[in-house]
Each structure stands twice: as structure tokens, then as C-alpha cells.
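Student: Could we go through this one together, a piece at a time? I have it open and would like to begin with how it divides up.

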Amino acid sequence: METKPDLNIDRSIGDFHYDVNYEFDAGIGLSERTIDYIADVKKDPDWIRDFRKDALRKFESMPMPTHWASHDLDNIIFQNIRYYLSQGTQPKRSWDDVPEDVKRTFERLGIPEQERKFLAGVEAQFDSEAAYSNIKAAVGDQGVIFVGSTEGLQKHPEIFRKWFGKVIPTGDNKFSALNSAVFSGGSFIYIPPGVKVKHPLQAYFRINAENFGQFERTLIIADEGSEVMYMEGCTAPKFETSTLHSAVVELVALKGAKIQYITVQNWSANVFNLVTKRGLAHEEAEIKWIDCNIGSRLTMKYPGVIMKGRKARGEVISIALAGDGQHQDTGAKMVHAADDTTSNIVSKSISLGSGRSTYRGLVQIGRHLKGCKNNTECDALLINTESRTDTYPAITVRGKENACQHEASVSKISAEQIFYMQQRGISEGAAMSLAVNGFVNDLVQQFPMEYSVELKRLIDLEMEGSVG
Amino acid sequence: MSLNIQNLHANIGEREILKGLNLEIPKGQIHAIMGKNGSGKSTLAKVMAGHPDYEVTAGEVTLDGLNLFEMAEPDERARAGLFVAFQYPMEIPGVTIANFIRAAVQARLPKGEELDAVEYYELLYKKMELLKIPRNFTSRAVNEGFSGGEKKRCEILQMAMLNPVYCILDETDSGLDIDALKIVSEGVNAMRSPERGMLVITHYQRLLDYIVPDVVHVMVDGRIVLSGDKSLALKLEANGYDWVEKEVLQQA
């Protein structure tokens, strides 16, 4: 079995944990009893309990995707993982009511402060459940729903059930099946027709416990002509043993709606991050994934958009930073299923030390379609000769009146560039940071300001850690 | 107070390029080094700046008494006051001029002290005006897609912003048309100061019409073989470098 060294990169922001007493604990390992425990605690309706059990069977019957993916996946021991830990299933509406031991974690991560400054709503998930969930009154008054997945399926079954599991079927892949079996937490969002939510909604996912698996499930529905921006952040302490994070995120943009989904993933270097994200864009709708992967041991994530309505638009902007011992296996899926649909993929990866980044892209344009366009750009930056980058594009374009463009580049920061910057008085580490920030600069500008500042800071930390 | 180079020997790989070079530039003076291609002029600039490809095998360089070679990293030498305007400045994709120079200025501040952004931009725009650089230049990536003249002006802009004590200008005139040469020379002349020493490395006498040196040195095969006042440059232009080599051989 392949193992990877854990190298000590400065992750001071997220690397801490407090002892917490969990009221609910599904124990170690996975079986039908685990599913029943979770369904009991969450008071799931029968259809969800059945959905979970069906998913468990699918998960157990599916092989690991190691025939194409990293063999490091074999190091995940499913029977050693804890699948559900919480202090209760009801998130608090006020930070004052959040238990002290959990609240101080989020305060240290700056979440309540960000909420005050620039967010329309926040959900803060601690291990399996949200500890806090709130939306600004003005936004709620417009009919916007922003709750956890459990509350969503219980209180809004008419919308929830219509779309849940429809964009990403349970058996899409082994990890979507696992998530469907044990999911807990994540967001359910509904934006009524024509409502444009001015400020972003944010979710923060925090893993606190060791040997734990976090399986949040997010479903966002933007009704006709509405607009929403959703941002998620995540951190975990650095434990000796590995942790699993396996989410499923489904987006539905109805006619003319716009969804922007922004992720800044900064898991510690012991986390397996195996996430399935896909959006369904109806006529003239637009779905844009901005995906930034800095942390984790192995990330496998290929956000996708199915453009099923005429003139729908899909976009994936991704930045991956693979430091020592990390593998960022990311990319995008664009499925054109209607005329005049356009998609754009821009992917930039940075590999340093023994870090490895992989781009996998899938673009499909069917034979009967016309007027479809795809543009794919993927650029890789290597910081030293040990690091590795691979690109696996899979582009299927049929039909006569469709256009597809793919550009890829690999570059290195040269010793001459570093010397030039050092001659201006800039230290080697700061010179590396500048060059890397320069490489991703055009993408970072698409982030909301608060996030681009955070991203720059994270890159600086990584680069300082990478120079002796 | 001076930039003092004593018996400097340096190799690239196994090959010796500098073979016992002596040169002293007192503060307040401008010296010029002239020499044929391959005489070691650019090597001298890179060795002083600490380029990793070169190995110093003997000799000493002091910067106002400070031992330059005790500072291992190029950025330490730069912060101690040494600036090199390169013949071929590197491109740094995606990093704007404004951010690049800002990072360099910030690196000179004591730890924990933040650069005042307003003051920084005021100074930057003032220096840009002097070099006739348009304002929108600051948002372009360092040297990326620059013409030869723009690259050289960008080097002088950096020099003006970083306020070095000793400047080495390596073939600053190469690739410049006459108008650009005038602008760049004005920028350099504006930095003439009793508090600063400069070394101008050039191939042609032309540059020295605009930046008038106090002393002219001629470099042959890794050594300074002849020094004199600015008339030496004119003599070289008239007689060619072969004349120097003959003269030196006769003396030997």
C-alpha cells in the first residue's frame, strides 16, 4: 500500500481542537445499525431511511475507483471511521445559545465577525450537525430559505423531495453512495423567483473529532430569475490518523437563474476530501463554480454543470495548490444537453515539493446539438523538479456547429526569476509567494474581496513553509 | 566610504571569468567599465549581486566597510544598499509593477511595520513622471511584453524607488533608441548624489555622453587593465579595443 508522509506545513489557523462532549455518537464502523442510529437521532421520515439503506447497499457493492484514481484511496479504512457525532440536531439561531466549547472554535476562525461584516446568512457545521444557522431578517423576509439539510427535508418536503438526489444520483460514484447513506448537515437553500440575494450566504464546515467522517449534503435551488452566491470554507485540526470528508452538493438553477458557488478548501493534510458537486442549469441559467483547493491529503473533486436548457451557461474556475505530500486531483465536467449552451473551464494548479496535481476534464457536446461552445484552459506551475502534474482531458464534441477550444501549459518558476526578485531585496520565500500569487492573480480577482485576501494569505503561508 | 573590490576571482563551472579584479568606487562618483563582449563585465555585476551560478574563489568586496560575501543571500546584499539594473530583466507574469516594487520597499521596513500605501503611490507616481512613464504602467505585469526601452525604464524606476547606496547599471543603453536613452540617462543623472556611488557597464562610448563618468576603466579578460578620465572613452571609440590590448601587452 502506498503511504504518504505528512509534512509540517504551517496551518496554524485551523490546527487546533477542543475536547467536546458529544451527546450523540454512532460509534465506530458502518452497518445498517449505523444508518438506523442516524435516522433515529435525526427523526428521518421513512423515505429518507429507505433512501439511506438503498445507498448503503450501493456503496457496499461498488468497487473503489482505483483503476483510474490514486491508490492512496486504499488507505481509507471504512470500519475505523466514526460516522455521526453531534451535540444535538437543532442548530442555534443566536451565537449566545451555541455551547461554549463549540462557539470558541468558530470565534477563533472568525466566523461571527465575518457574518456581521458581509454575509447574508451563515451556517456553521461542527462535525455532523450545524451548531449555528441564521439568516439576516431582510433576506428571510424575501422568502429565502437557508437551513440545514435535515430541517430542509422535514419542513420543506415539497421542494426538497423534488430535487434531492436528482442531479447526483446515489450510485453516481462510490462516495456519492456513501454520502447518501450517512449524510448529515450541509445546507438547504431555496431562492424564490426573481429574488437577488445581495450578499453571500456562507457555510463553514469544521471537523473537530479524530477518526471522523463528515458527510454534509447541500441542495440549492434558485427559482426563475433569482440570483445567489454561496461560499463555503472548511478546516480541521491535524490529527495523526486520517479523516474523511465526503460531501454531495447539488445545484438547480431554474430558467434565467444564477448560482455562484465558491469553495476555499483548507483541510489539514490528513483529510481525504472526496466530494461530488454538480449543477443543473435550465434555460438561460448560469452556474459558476469557483473552487479553490489548498489543503487535504488527497482531494478528488470535479465540479460539473449539466446545461439542459437552451442558452444555459456553465463555468468552473479552479485553483489547486499541492504542497509536500498532497495530491490535488481536480477538474471539471461540462455536459452540454441543449443548443446554444456555453461552458468555460479555467484551471490553475501549483505543485511544490513532492506535491502532485492532476487535472481531469470532461466536456460532452451531443451530435444533435448546435451553437454550443466550450473553452478550456489549464495551466500548471511547478515549483521544483520533484513535483508532478498530469492533465487528462476527455472532450467529446459531436455535431457540426459546435466549437471547442483547449489550451494547456506547464511552467516553472525559474531560478533566474527568484534571483531577480531577491536582487530587489525580497526574500526567497516572499519571492516564491509573489510569483505564485502572480500565476493565479487573474482568477483570484473573481473572488469576493474578503476571500481573495484570505487566499493570498494562505498561499503566502504555504510558500514560506516551502523554503528552507 | 566606497564600494571596494579587491583581487576578485570568480568561476562559472570550471571556467574562471574574473581573474583578480581591483576597483574602488568612492561615494559620490560615477565610474564606467568598458570592454569587449566576454571580457567579464556582466559577470562582475552578477557576482556582486550573488547570482547562484557563480562561485567566488578569491578576493573581497566591501560595501562601506561591510563584507559583501558574508551576506549569503542576494536579498541581504540588496537590502544593504546594492542595486543592479540588469541587461536582460526577468519577466514576472501576473505580478504588477506596483505590487512588485511595493514588496521590495516593504522588505526594507522593520518587521511589523506596514508601508503607508498613500505615501508609496505618491512617491511612485513622482518617480514615474521623471522617467516619463505613463500611469497605467503600474498595473502591467513586471517586464511582461515590454519593449526594450520599457524594460530599461522599469529598471531605473525600481532603482529610484529603492534608494540604493551603490548602483551597477549593466548595459543599460542596449536596445534603446536615442529618445529613450536620453530619458533613462536623465533618470540616472537625477540620482547622482554625494551619498551614492554608481558603476556603469557599457559597450559604447555613446551612453557616456549622457551619463558623464568621473573615471573610465577598461576591462580585458577578467581584469581592469587601464583607467583614466572620460577622455579614455573617446580614445577607445577612435582606436578600438585592439589598441588597448596592444598597449597592455607592450607594458607587460
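Tutor: Domain bounds here come from an automatic or database domain assignment, and for chain A that assignment gives domain 1 (24–301) and domain 2 (415–468). Please keep in mind that this is a predicted model, in which local features need pLDDT of at least 70, side-chain atom pairs count only at pLDDT 80 or more, and totals for chains, interfaces and linings use all residues. Residues are numbered from 1 along each chain as its sequence is written, chains are lettered from A and ligands numbered from 1 in the order in which they are written, and side-chain values use heavy atoms, with hydrogens and water left out.

Student: OK, what separates the centres of domain 1 and domain 2 of chain A, and how many residues are in contact?

Tutor: Taken over C-alpha atoms, the centres of domain 1 and domain 2 of chain A are 31 Å apart. Counting contact as heavy atoms within 4.5 Å, 13 residues of domain 1 of chain A touch 8 residues of domain 2 of chain A.

Student: And what area is buried between domain 1 and domain 2 of chain A?

Tutor: About 970 Å², with carbon and sulfur atoms giving 77% of that figure; buried area is the accessible area (1.4 Å probe) that two parts lose on being put together, summed over both. Within domain 1 of chain A, the residues losing the most area to domain 2 of chain A are A:Phe118, A:Val264 and A:Ile294, which together make up 43% of what that side buries.

Student: How many salt bridges are there between domain 1 and domain 2 of chain A?

Tutor: The count is 0 salt bridges between domain 1 and domain 2 of chain A, where a salt bridge is a side-chain nitrogen of Lys or Arg within 4 Å of a carboxyl oxygen of Asp or Glu. There is 1 residue pair in polar contact between domain 1 and domain 2 of chain A, with both residues at pLDDT 80 or more. A polar contact is a pair of N or O atoms within 3.5 Å; within protein, one must be able to donate a hydrogen and the other to accept it, and residues adjacent in sequence count only if both atoms are side-chain atoms.

Student: Which strands supply the side of domain 1 of chain A that touches domain 2 of chain A?

Tutor: β10, β13 and β15 of chain A each supply at least two residues of that side, and β10(A) gives its largest share, 4 residues. Helices (H or I, at least four residues) and strands (E, at least two) are DSSP runs, numbered from the N terminus.

Student: What is the strand order in the open sheet of chain A?

Tutor: The order of its 10 strands is β4-β3-β7-β10-β13-β15-β18-β20-β22-β24 in chain A, with mixed pairing, two strands being paired if DSSP finds at least two bridges between them. At the edges stand β4 (129–135) and β24 (403–412) of chain A, each with a single partner strand, so one side of each has no neighbour in the sheet. Inside the order, β13 (258–265) and β15 (286–293) of chain A pair in the parallel sense over 8 bridges, and there A:Val264 stands opposite A:Cys292 in β15(A).

Student: Switching to the other chain, how many residues of chain B are in contact with chain A?

Tutor: 33 residues of chain B are in contact with 18 residues of chain A, and the two chains bury about 2000 Å² between them, 63% of it on carbon and sulfur atoms.

Student: Which side chains of chains A and B meet in a salt bridge?

Tutor: Between chain B and chain A the count is 1 salt bridge, in which the side chains of A:Arg424 and B:Glu155 meet at 2.6 Å, N to O. Chain B and chain A also have 15 residue pairs in polar contact, both residues at pLDDT 80 or more. Elements giving two or more residues to chain B's side include α1 (41–49), α3 (97–106) and α5 (148–162) of chain B.

Student: Last one: what is the strand order of the open sheet in chain B?

Tutor: Its 6 strands run β6-β9-β10-β3-β11-β12 in chain B, again with mixed pairing. β11 (215–220) of chain B pairs with β12(B) in the antiparallel sense over 5 bridges, and B:His217 stands opposite B:Ser227 in β12(B).
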